[in-house]
Amino acid sequence: MLIDLHKATLLVIDVQDKLVPAMADPQGILARIRWLLQVATELGLPTVISEQYPKGLGASATALTDAAPQAIVVEKLQFSCVAAECLPESLLAREQVVVCGMETHVCVLQTVLELLALGKEVFVVEDAVASRTPASRETGLRRMRDAGAQVVNREMVVFECLRGASHPRFRHISKTFLVGEQP
C-alpha cells in the first residue's frame, strides 16, 4: 500500500519543549520533524499535533507549530492518542495515518498499536521518531512493524504523496526540500 495524500493525515506526537532535550539527537529530530511538517503544509496534508500534559511538559516546540500553522493541536493525559480520545474526527475519518514524534517506545507505540486496532493503515516515519536511547527507539520500531505498521522514511512520505513528477507541486517540493542537504 502507498500513502495517499487524499486518504492520509499526519500525526505528530508529543514533540514538546521539555521533552526534546532528553531525546537522543534532540536538534536532529526537531529539524527532521520540522522538515516533514513543512512538506505536509506545502502538500495540504492535514496535520494533527498532540501534546502530553502540556501544563507540566510545556507546549509543542515552537519550530514545529510555526512550520504548520494549520495543524490541529490536541492535549492528552493518556500515553496513546487513541486512548485519550483526543483525535479529531477529521483524522479518524481518514483511512491512513502517518505518524512521527516521541517517544517511539511509549506514546508513539501505544498510539500506533491502537490506530491499527481501529483498522487504520499506519505509516511510522522512522527518521522522524525519537526516544531517549537508540535501543528504545529500535525496540519500538520493531514492535510497530511486527504489529502491521509500515515503517517508512520522510522521502517515502513525500514521493508517495506526490506520486509522480507531473504533480503540480513536484518542482517546488523538489527544489525546496529534496535538492541539497536535508536535516
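Modeller: A nonpolar core is a set of buried Ala, Val, Leu, Ile, Met, Phe, Trp, Tyr and Cys residues joined through side-chain atoms within 4.5 Å, where buried means under 20% relative accessible area with a 1.4 Å probe, protein chains only. Here the largest nonpolar core has 40 residues, and Leu10 and Ile33 touch the most other members. Contributors of at least two residues each include strand 1 (8-13), helix 1 (26-43) and helix 8 (170-178); helices (H or I, at least four residues) and strands (E, at least two) are DSSP runs, numbered from the N terminus. The model is predicted: local features need pLDDT of at least 70, side-chain atom pairs count only at pLDDT 80 or more, and totals for chains, interfaces and linings use all residues. Residues are numbered from 1 along each chain as its sequence is written, and side-chain values use heavy atoms, leaving out hydrogens and water.

Biologist: Which helix gives the most to this core?

Modeller: Helix 1, with nine residues.

Biologist: What does Ile33 touch?

Modeller: Contact means heavy atoms within 4.5 Å. Leaving aside residues up to four places away in sequence, Ile33 touches Val12, Val15, Leu64, Cys100, Gly101 and Ala128.

Biologist: How do helix 1 and helix 8 cross?

Modeller: Axes are lines fitted to C-alpha atoms, for helices over the stretch in contact, with angles from 0 to 180 degrees between N-to-C directions. These two axes come within 11 Å and cross at roughly 165 degrees. Helix 1 and helix 8 are therefore roughly antiparallel, a word for angles over 145 degrees.

Biologist: Which residues meet there?

Modeller: Trp35, Gln38, Val39, Glu42 and Leu43 in helix 1 meet His172, Ile173, Phe177 and Leu178 in helix 8.

Conventions:
Buried means under 20% relative accessible area, exposed over 50%, partly exposed in between (1.4 Å probe, protein chains only). Angles under 35 degrees count as roughly parallel, over 145 as roughly antiparallel, 65 to 115 as roughly perpendicular and the rest as oblique.
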